[in-house]
Amino acid sequence: MIATKNLKELQTCISHLRELGHTSAELLNQACPAEGTHQTLDEGLFHVLHGASLCLDSMKSMLCSPVLVTDEEEPQLRLLHLRSLSAELVTLGSELVSQGSKVSNVLGSKCGQQCVDDLCRLLPVVEIALASREKQLRILQEDSAEKQAAAQIQESLQQQVEQVNSILEEAAQHNLPASLIHQATQLQGELDTVVGGVRSHCEELKSGVELQKQYEQLVRSFEDLLSLGSDSFTQQPDTELRSRAQLQKKLSSHMRFFQFLGDHFEILRYLTNRVPDMPLEKWEGTIKGLQDQVARLQQDGLEKGTKMQETLEMWSQWEKDSAWSNSLMRSIETSFPKIPEGSEQESEKPLSYKELHRILEENEAQVSQMLEGGRRLQRAGCSGVGVSVCKLEARWRSLHKRLEHERTSFDKERKLKSRFRHNSATLSQWMDEARQRIDRWSELSEEMDVEQRRELYLQSVALTKELEAKSEVKVAVTGSSSQLLQLREPHSDRDPEDKGTPLPKTSDIDMCSINAQLRQIELDWSSLLIDVPVIQQTLQKRWLEMETQQGALLELQAWLGAAECQLEEYCNKINKNSCTNNDLTQLLKYCKESQTEMCAHQITVDYVNQPLQPNSTEKDHRLRYEQNQYAEEQGRLNHQWLSLQEKLNSKIQEIEQELRNRVEWDARLQRINSWIADQNLWMDSAQTPSSQMELQRSNSICQDLEEKIMQKSAALQELIDKVGGRQENRSCNFICQIDKSIEACTALTQRNDSVKQRLTQAQLLWNNMEEKLSHIVLKTVRASQTLEYYRGPQLSLQAHTDLHEKLQLLQQETEASEVEWDKLGQNILSLRDTISPAAAAIISKCLDRQRDSWTTVTGALGQQLQRCQKVLTVWQVYDKRAGSLTEQLQALQSEATSVLSSTPAQDNTVELFTVKIENVQSLLQRTDTLQSDLEGVLEASKDLISHLEPSAASLVQSECRLLPRGVLQLRQQLSRKLGHLQEELKQVQEFENVLESLERNLEVWQQRLEDPALKADQSGLMELSGLSADLDVLNERSCSLTLEDAAAHRLQFLNRHWADAYTRAEEACSELQTEVLRQQRFEQKCESWMLFLQRMEDSLAVDVAGSYDGLRQQLCTHKVSNLISSLTDTTKHLNYTLICLCVSALSG
């Protein structure tokens, strides 16, 4: 047995601990203890404490197990073991305090002392558990003793019943007196009644034990249910949710389990107070512990269910938002303009793009809110929405990119087409005019003078310069067409992020027209490139054919002089003033035109550089002079020509390099200025974010923007250094522009700090708002689920009172939450100024939706609380009335029990019966007064049942039925008792009357027997003898009645003197009869005998009377006949003689 084992272990630990105490005392007395003694002592203390700890753990496990009794002697034996364990625990505690502390002090170990203290603190807990188990065993022992006593009583009574049955059988066989048989029969009935009561009590005990076993099984099953619920929280993390239906199913199962748990605990608590003969002190601790576990488990379940419900509502809202977003995107995709290019409606495209841009901007906040909701669902473990969120986000970005791409492409294409048309028209018109001039020049006749030919030549040179200038237009036309062709290629592809929607194509007809125009321009341009130099050379030859070398030289000298002067004028002008790019461009244009003219005049230069052709009419010395002078002029011309050519080449290179530098600097400055402008535009839009995602992205951009601004400022400073290092041809305007850009960067830095601060504040406000809103949403969902938990049936008034208190507490919490709503509203008002109107509208809509949910929940709470208050009021009225009626009924039942079960008194006088009857009648009257209270209880029960759930209503109805049944049973018992008492009173009164009558008749009889005159009257003596029947009835009644002593003595006196008087009367009558027979003749004797026989026959022929008086008269007559018969026995010989004489006379 476990208890025996634990007892031995405790005794062993105590013994070892005492030994360690003695050892430590010896060590204290020793000056130099042996080596290793302290270690041995330490190890011994460890083993003792460890063994005691294991023993206490084993005892604790034993005490936590349920009490099972299988043997009648086991409870007493187990009680002895428990008492021994309790005594040993006390001993162990005292030894730990004394010996354990002594050993720890010797060892000087704080840890050892702490272990001893911990073990001492554990001992009271085990002692309390032992006391509780001992109390339970005593209760079981009492129950067992009660059942055993009832069985023994039942067995003893059964034996007595069998004995009485045996006596009755023997009485029937031996013709025992009726009074004895009557007493045995009465005893048999009483024994049967007692045996039935004992058997009923035994059945109740067995039923009670069976109910208690079932109740214990129910408790264990509920503990298993609690364990199952606890295990559900300690299992592995929840699997990923693929669909909202899966989450809905999981939440429904979760809610059903905890509602099932709460309902069954209410049933268990209800049954605890309803099981008959239930030892409540045995189960109070268990039920309280179960209640705490249920409350704790329900709280955990509520938290988990609240999160699932919040996720489910979020998922439902996200599905609605995603469906709306999907519909919106589908509508936007079908709203992209599909107007063919070149049609009349093409001008409507910008309006369509503008409208689409407006739609995208207006719905940006709501779509971002939808995407953010999907990400929150993913973080909550709802992986089923991940793919949809990614697809919707990519689709939304694709729409933005597609709109931007199409709008940009459309604007660029329109500009390119406009530029192409304008440039191509301008170029075509010029080429037509140039072709006309070439054709006109080709058709000129040879009959023209030198000036005319010179003028045509100069016009051709001007045409060449125009051709050179128009080459830029030609390049622009070619570039526009190439860009249009490049734009046409992407149009035939799909958007890389929107693989389902093809982008519109450029009109093939329009592109064919452009290609045709371009081919024609190329042909015309190529023709001009060929014909212009040809016609120029032709006109130059024609001019030089009539122009002398001196004339040509003079013409070249004049042109070079003018060109140099003009070049110098341009250069001086640029040096003196701060030049612009336009000035440099004009100078470059002039230089290139001069270079072109030089190329055109190269033939003239070649013509001039030829040897001078002598004139035959001139003299030789003049000829030589002219040749020398001409040669000098040639040299100066060539030098001037080469000098101008070198200047032009140098100036062109210088200007082109300067322009390249300026273009590069302008481009860099323009990029920086564009970047600054873009950042300012971004800041304008970023100050009012439309979603948290955008707000976080903007915050991140602001963080990165600081470094980028510093980089741009450094680039501007570097540009200033480069520009400032060049002193020639520099423009102060450019440096001013750089300074303005630097100032713009500084302003951008300040604005970035301001925007960052604003965004940080908006982030804090938004996070605070989200946190408060989430907290309120959780409160709403928690309150809703709490109401669902509270919707279970309440089976008792106490349960309903507890529910009312819980609902009141929940209402107080909801009322306190109104402050949070006010704070949330203020937070949203502050946030509204820092976010976009669309986002503010969405937040307001979400707040209104949550507010409606909160209003719905608080309304449901108010209704449930109002209903609970109403039910509680009705139930309290019913409970008060039913309790009052029950108390009265129990008081009456207790009084009735004392009256009904009272043992018969020794002296059952008429006065005593009268008092008993009055008591019973009083109880009946009080029972009748309960009827009005009962009607009030029934009316209150009907009102209560109409407000309760079917399960609780059926229980109240069942309980209510017991009250009328109890009143009716009590009334029936009292009525039966009253009838019995009245019958017994009547019997006692009749007994008294008959006894008094017989006593008077006895006195009369005795007087007649004493008076000789009256004694001679035989009929009078015989008449009094007939009253012996009344005495027999009186004796029989005395057996069924409990007589007082005086009445019993009177009856005994009456019987004794009656028998004496009867004997004397019989002797007197016999003597009188003998004397009469002696005096009669034979015929008189025969007549007397015949008359006697006739009277006997007549009396026997009468039927048995149907009434008590008739039966009594017949019995008296029978008694008189017996007396007469007995008198005839004394004269039998006379009768015999008479008969013989009669026979002989007849025979003769």
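Which residues does the UniProt annotation "coiled-coil region" cover? According to that record, an unreviewed entry, the stretch is 971–1008; UniProt positions are given here in the numbering of this chain, feature names are shortened, and annotations may be inferred rather than shown by experiment. Over residues 971–1008 the chain is 100% helix and 0% strand, with the end C-alpha atoms 55 Å apart.

The model is a predicted one, so to speak of local features takes a pLDDT of at least 70 and side-chain atom pairs count only at pLDDT 80 or more, while totals for chains, interfaces and linings use all residues. Residues are numbered from 1 along each chain as its sequence is written, and side-chain values use heavy atoms, with hydrogens and water left out.

On to the overall picture. The protein chain comes to 29 helices and 2 strands, taken as DSSP runs numbered from the N terminus (helices are H or I, at least four residues; strands are E, at least two). Of its 1148 residues, 37% count as buried, meaning under 20% relative accessible area, with exposed over 50% and partly exposed in between (1.4 Å probe, protein chains only). Among contacts (heavy atoms within 4.5 Å) between residues at least 6 apart in sequence, 85% join residues at least 24 apart. The chain exposes about 64500 Å², and carbon and sulfur atoms supply 52% of that; accessible areas come from the Shrake-Rupley method with a 1.4 Å probe, and for residues only the protein chains shown count as cover.

Now for the inside. A nonpolar core here is a set of buried Ala, Val, Leu, Ile, Met, Phe, Trp, Tyr and Cys residues joined through side-chain atoms within 4.5 Å. The largest has 53 residues, and those touching the most other members are Phe222, Leu290, Trp315, Trp318, Ile332, Trp396 and Leu807. Helices that each supply at least two residues of this core include α5 (178–234), α9 (386–442), α17 (732–789) and α20 (837–900). The largest share, 12 residues, comes from α7. Leaving aside residues up to four places away in sequence, Leu290 touches Val219, Phe222, Glu223, Leu226, Phe265 and Leu268. A second, separate core of 43 residues includes Ile672, Cys702, Val755 and Ile835.

Charge pairs come next. Side chains of opposite charge can pair when their charged atoms come close. The structure holds 27 salt bridges, each a side-chain nitrogen of Lys or Arg within 4 Å of a carboxyl oxygen of Asp or Glu. Arg402 and Glu406 meet in one at 2.9 Å, N to O; both lie in α9, 4 residues apart, about one turn of the helix, and both are buried. Arg435 pairs with Asp531, their closest N and O atoms being 2.6 Å apart. Since Arg435 lies in α9 and Asp531 in α11, the pair ties together parts that are 96 residues apart in sequence. Arg435 is partly exposed at 23% relative accessible area, and Asp531 is partly exposed at 23%.

With Ile530 and Val534, Leu529 makes a nonpolar surface patch of about 280 Å².

Terms used. Patches are made of residues with over 30% relative accessible area and no salt bridge: like charges are joined within 9 Å, nonpolar side chains (Val, Leu, Ile, Met, Phe, Trp, Tyr) within 5 Å.
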